[in-house]
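Thanks for passing this one along. Here are my notes, as a few numbered points to read beside the model.

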Amino acid sequence: MSVHNILLGAFIIAAAITIALPKQSQALLTNFDKVQRKYGVNLFAVLFTILTVVCVLDFASSPADAQFFNNAQTWMNNAFGNAAGNGQTTAVITLFFNVLRGLFLLYIGISLVQIVQSARNDEDWQTLARTPLIIVLSVFVGDLVTGLIIGGGGAA
């Protein structure tokens with residue numbers, strides 16, 4: 001169980017207690033407000049910052065599963081790589097998808113450099129940003145549709 005799931009569960013329990021005991025929660029929040037005014041610190045901002053850092057570190061430490069077309073690659077390896085009985089087919093499928101990912105990342109990187117340079121030169125950077133955003137969105141939708149077509153589990 002990860003930290004963000006624990007925090008979400010604690011938030012749900014705290015919300016349920018707040019709803020069940022409104023008078024006691026109001027008294028607690030009033031005391032909380034007095035402490036904020038006494039020390040001149042916004043405790044809600046401090047609490048929000050701590051929770052944000054914990055959640056970001058928790059998400060960053062979990063394994064990455066963000067490769068696009070990962071399910072399609074797994075399906076093709078299972079359907080064609082193992083069916084042929086040789087390792088070359090699997091290697092070619094892996095190479096194809098890695099080249100596709102590399103070209104996508106190269107295009108996005110070049111586009112980001114162009115967008116930043118346009119913004120620095122006080123040019124219209126929004127029109128330059130529109131095309132890469134459309135491509136990222138179309139790749140995302142294509143990955144979702146691919147998951148729907150092949151079943152999303154990667155099994156043949």
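1. The chain's secondary structure amounts to six helices and zero strands, and from the N terminus the order of elements is α-α-α-α-α-α. Helices here are DSSP runs of H or I with at least four residues, strands are runs of E with at least two, and both are numbered from the N terminus.

2. A word on the source: this is a predicted model, in which local features need pLDDT of at least 70 and side-chain atom pairs count only at pLDDT 80 or more, while totals for chains, interfaces and linings use all residues. Residues are numbered from 1 along each chain as its sequence is written, and side-chain values use heavy atoms, with hydrogens and water left out.

3. Of the 156 residues of the chain, 15% count as buried (under 20% relative accessible area; exposed is over 50% and partly exposed in between, with a 1.4 Å probe and protein chains only). In H6 (125-150), the buried residues are Pro132, Val139, Thr146, Gly147 and Ile150.

4. Do have a look at Arg101, in helix H5 (residues 87-120). Arg101 is buried yet has no salt bridge, and the nearest side chain of opposite charge, Asp143, is 7.7 Å away. For a salt bridge, a side-chain nitrogen of Lys or Arg must be within 4 Å of a carboxyl oxygen of Asp or Glu; Lys and Arg count as positive, Asp and Glu as negative, and His and the chain ends are not counted. The Arg101 side chain does make a polar contact with the side chain of Gln73, at 2.9 Å (N or O atoms within 3.5 Å, one able to donate a hydrogen and the other to accept it within protein; residues adjacent in sequence count only if both atoms are side-chain atoms).

5. Two helix lengths check out. The 18 residues of H2 (residues 22-39) should span 26 Å at 1.5 Å a residue, and the end C-alpha atoms of H2 are 26 Å apart, which agrees. The expected span is 1.5 Å times one less than the number of residues.

6. Asp122, in the loop between H5 and H6, has a positive phi near 60° although it is not a glycine. Most residues other than glycine have a negative phi. Asp122 counts as exposed because its relative accessibility is 72%.
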